[in-house]
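Here are my notes on the structure you sent over. Please read them with the model open.

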There are 2 protein chains.
Amino acid sequence: MQRYFYDEMLTSEQFELPKEIYKHAIVVMRMRSGDKFELVTPDENVNVMELVTVEKNLAIAKKVDSFIQMTNLPVKTTIVCGLSKGDKADFIVQKATELGADEIIFFKGTYSVAKWDDKKRAKKLARLAKIALAAAEQSHRTTVPAISYCDKLENLKLASAQYGMVAYEEAAKTGETTNLAKLFEQLKKESATKPVALMAIFGPEGGLAPAEVQLLTQKGFVTAGLGSRILRAETAPLYLLSALSFALELR
Amino acid sequence: MQRYFYDEMLTSEQFELPKEIYKHAIVVMRMRSGDKFELVTPDENVNVMELVTVEKNLAIAKKVDSFIQMTNLPVKTTIVCGLSKGDKADFIVQKATELGADEIIFFKGTYSVAKWDDKKRAKKLARLAKIALAAAEQSHRTTVPAISYCDKLENLKLASAQYGMVAYEEAAKTGETTNLAKLFEQLKKESATKPVALMAIFGPEGGLAPAEVQLLTQKGFVTAGLGSRILRAETAPLYLLSALSFALELR
């Protein structure tokens with residue numbers, strides 16, 4: 001069933017479809033009276049809605065059911081990526097949303113060629129928020145990841161009960177194969193009894209500078225290899241999220 | 001270091017760069033005499049080559065070192081994907097190559113909207129082979145996955161010592177969370193003592209028809225869910241490969 005997010009709670013019997021949802025449900029998907037869709041409200045509930053009125057520029061639905069669905073990763077996961085060129089940020093946001101990221105932060109790394117100046121940044125972030133929303137609807141999530149920009153890697157800080165890891169190519173090259181598994185074991189154990197979070201950092205194309213890795217290590221981030229091949233900047237976060245889902249959700 | 005594949009063994013002291021490698025190394029990367037690159041030969045050895053002569057349309061290198069590198073997944077993995085629209089096949093080939101797939105097969109599923117007619121097919125496959133080659137070079141692999149087309153799902157057969165799995169959305173919806181972990185445990189155990197293979201099947205956009213899943217189950221394929229979100233057709237194979245690498249390469 002088609003799913004949409006709505007940023008307010010349902011307060012009356014009748015729900016008038018907002019413009020964006022009307023455009024997609026009625027114009028694109030050609031839904032008609034009697035058709036159903038899902039509406040996720042800020043309480044993360046999934047409300048099953050049935051269209052009762054469909055007119056030009058006006059559509060009204062009523063709630064016929066509601067349920068709770070667990071679609072978040074067992075660990076609140078923040079993906080932090082260096083700025084890369086082209087549409088790589090779009091790609092990362094779409095795929096990381098599908099794979100369960102709770103927050104996505106972009107930063108300008110030492111080796112980043114791409115730049116988001118102040119003016120461009122707001123537009124970029126608005127565009128990425130739209131991509132995250134569409135991907136969250138499509139992958140049937142009940143939350144939409146927040147997207148933001150961090151000016152300096154120095155400003156990133158681990159919260160309490162938040163673990164940190166850095167995907168480091170050099171770690172992979174030297175055959176480092178145990179850190180990620182150890183970290184996930186720990187996350188699995190702790191998340192069973194209390195809320196735990198993970199912040200995972202990935203360099204831009206060209207990777208992280210040694211000084212950046214050192215800075216992060218001092219802040220408590222653990223370097224980890226992601227298998228025995230060299231992954232592109234936009235592929236590494238997807239590896240991490242897939243492996244995390246496998247290690248913590250499938251057993 | 002830049003890596004290239006060469007489909008013959010090195011037989012003499014002097015290696016004249018073939019046209020394609022010349023174009024990339026000399027014209028695009030602007031390598032000059034004294035610069036080094038890696039050349040992977042059919043024995044999967046990585047040969048370190050140093051340029052000794054660089055002229056217009058002629059470049060000669062000599063071998064200065066060679067080494068063996070393990071970049072393949074511990075299990076020979078075949079990814080089988082239903083045809084999807086647009087550039088999704090390009091995407092799957094590039095990412096699955098980075099993530100270690102040994103073979104990639106496309107098939108026309110019951111719900112496939114895209115079609116590769118006979119004429120188009122050869123062109124498509126040649127294009128995908130190029131994408132696989134570039135991705136294998138870029139991710140520093142020592143083998144390039146074979147890309148092919150399968151006309152009928154019925155024709156797919158598991159070889160001996162080859163395990164089969166089908167990513168099935170319905171399995172995920174009903175909360176099936178144990179099959180993939182069980183399968184990977186088995187692969188891990190067996191691959192320690194003998195060569196083992198995996199064939200993993202993914203539907204096109206729109207998924208697999210129940211009859212297709214039934215056919216595959218009868219052939220010995222196990223259905224498995226891939227976490228608690230609905231993944232797009234092109235994302236599911238990347239999840240599988242990432243999880244497989246994590247489960248078998250990182251410990």
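This is a predicted model: local features need pLDDT of at least 70, side-chain atom pairs count only at pLDDT 80 or more; totals for chains, interfaces and linings use all residues.

1. The points below cover one helix, one strand residue and the relation between the two chains.

2. Helix α1(B). The helix spans residues 19–28 of chain B, and its buried residues are Ile21(B), Tyr22(B), Ala25(B) and Ile26(B). Viewed down the axis of α1(B), these fall within an arc of 100 degrees, so they line one face of the helix. An α-helix has 3.6 residues a turn, so residues three or four places apart point the same way.

3. The face turned away from the buried side carries Lys19(B), Glu20(B), Val27(B) and Val28(B), which are exposed.

4. After the helix. Arg30(B) follows α1(B) and has a positive phi, near 55 degrees.

5. Gln162(B). This residue is found in strand β9 (residues 162–167) of chain B. Is Gln162(B) buried or exposed? Its relative accessibility is 14%, so Gln162(B) counts as buried; the cut-off is under 20%. The Gln162(B) side chain reaches the backbone nitrogen of Ala159(B) at 2.9 Å. Beyond four places in sequence, Gln162(B) is in contact with Thr78(B), Lys157(B), Ala197(B), Leu198(B) and Met199(B).

6. Chain pairing. The same surface serves both copies: 100% of the contact residues of chain B recur in chain A.

Methods: Residues are numbered from 1 along each chain as its sequence is written. Chains are lettered from A and ligands numbered from 1 in the order in which they are written. Side-chain values use heavy atoms; hydrogens and water are left out. Buried means under 20% relative accessible area, exposed over 50%, partly exposed in between (1.4 Å probe, protein chains only). Helices (H or I, at least four residues) and strands (E, at least two) are DSSP runs, numbered from the N terminus. The arc is that of the directions from the helix axis to the C-beta atoms. A polar contact is a pair of N or O atoms within 3.5 Å; within protein, one must be able to donate a hydrogen and the other to accept it, and residues adjacent in sequence count only if both atoms are side-chain atoms. Contact means heavy atoms within 4.5 Å.
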